Amino acid sequence: MVPSRTLRILGVLAVALVLGSALAQDPAERLEALEAEVERLRARVAALEEAQLRHGPLLAQRHLEAAAFHAIDDALAAGEMDPRFAETVHAAVLSVEAVSWPEGLRDPVQAFLADARDLEAALRAEDVDAAADAATRAHDAQHVLSHAISSALASDGGHAAEAHGDDAVHEHANEEEAHDEGAAADAPAVPEEAVRISIEIGPEGGAVGGAQTHRVQQGDTVAFTFASEASGELHLHGLGGDWALTAGTETVALVEATAPGRFPMELHPEGEADGVTIAYLEVHP
């Protein structure tokens, strides 16, 4: 073992060598080195800000989905008041307020917060009628926000989408226009290694046999085949999947299991205000 006194001497010599090397540089070289270090730190700060803009909304989205606004909405519509609802809604509000939201997501965020706060106030006042009305609005606002987050994270590989709101509306309108003009709607090519999952949907919009949990590994490509007797909009919350289902047809949808978690798949049948959870996709790291 090297004696501690020797280690101290070696440490002093090392510091002296470093200082000597630095002093040996001319001022221009030292300035150049400092500028390079400043640029490196700026790049690091930018990377951290970008990570915050991506992961903050994603975590908030998961909290929103875990809050189960759909179940709260259904219970209150049936006149069932649970004292846990207020704390659940309050936790969801806090999780949304804690995020630094990009500009393009702030409108749906504010809309959700307004409705969620109304719901929490009605729940704490034990006003079932007011809570039922607020729950429907908060549930709808949660769907809008979750969809906006998924679309923002999917765009540009997950970078902050400051102009997401307008761009998403225009893109969706263009897609619908292309479809109306007869654009081809061929099923996507399914890779051989894809995990294949088939789900039957009944005429009321629910999954035949109930909502099942389908487990896959992170990084898998998942190929869903929906044989539906109901038309409507299908959403995979948390992974950014949205598909239009037409009664009497099969729809094939590809999903990249890019993040671990439990993601609900919800169908909004045509002409119905409420959605129906038809499955859960559970992604394991």
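Visitor: Is E282 buried or exposed in this structure?
Guide: This is a predicted model, where local features need pLDDT of at least 70, side-chain atom pairs count only at pLDDT 80 or more, and totals for chains, interfaces and linings use all residues. Residues are numbered from 1 along each chain as its sequence is written, and side-chain values use heavy atoms, with hydrogens and water left out. Buried means under 20% relative accessible area, exposed over 50%, and partly exposed in between, with a 1.4 Å probe and protein chains only. E282 has a relative accessible area of 15%, so the answer is buried.

Visitor: Which side chains make polar contacts with the side chain of E282?
Guide: A polar contact is a pair of N or O atoms within 3.5 Å; within protein, one must be able to donate a hydrogen and the other to accept it, and residues adjacent in sequence count only if both atoms are side-chain atoms. Another, of 3.1 Å, joins E282 to R262.

Visitor: Over which ring does the charged end of R262 sit?
Guide: A charge sits over a ring if NZ of Lys or CZ of Arg is within 6 Å of the ring centre and within 35 degrees of the ring normal. For R262, the distance to the ring centre is 4.1 Å, and the ring belongs to Y280.

Visitor: Why do F224 and F226 count as stacked?
Guide: Rings of Phe, Tyr and Trp (its six-membered ring) pair if their centres lie within 6.5 Å; planes under 30 degrees apart count as stacked, over 60 as edge-to-face and the rest as tilted. Here the centres are 5.6 Å apart, so what makes the pair stacked is a plane angle of 10 degrees.

Visitor: How is the pair of F226 and W243 classed?
Guide: F226 is buried at 1% relative accessibility. The centres of the F226 and W243 rings are 6.1 Å apart and their planes stand at 40 degrees, so the pair is tilted.

Visitor: Which residue meets R137 in a salt bridge of 2.7 Å?
Guide: A salt bridge is a side-chain nitrogen of Lys or Arg within 4 Å of a carboxyl oxygen of Asp or Glu. R137 is partly exposed, at 30% relative accessible area. R137 also bridges to D118 at 3.6 Å, but the partner at 2.7 Å is D115.
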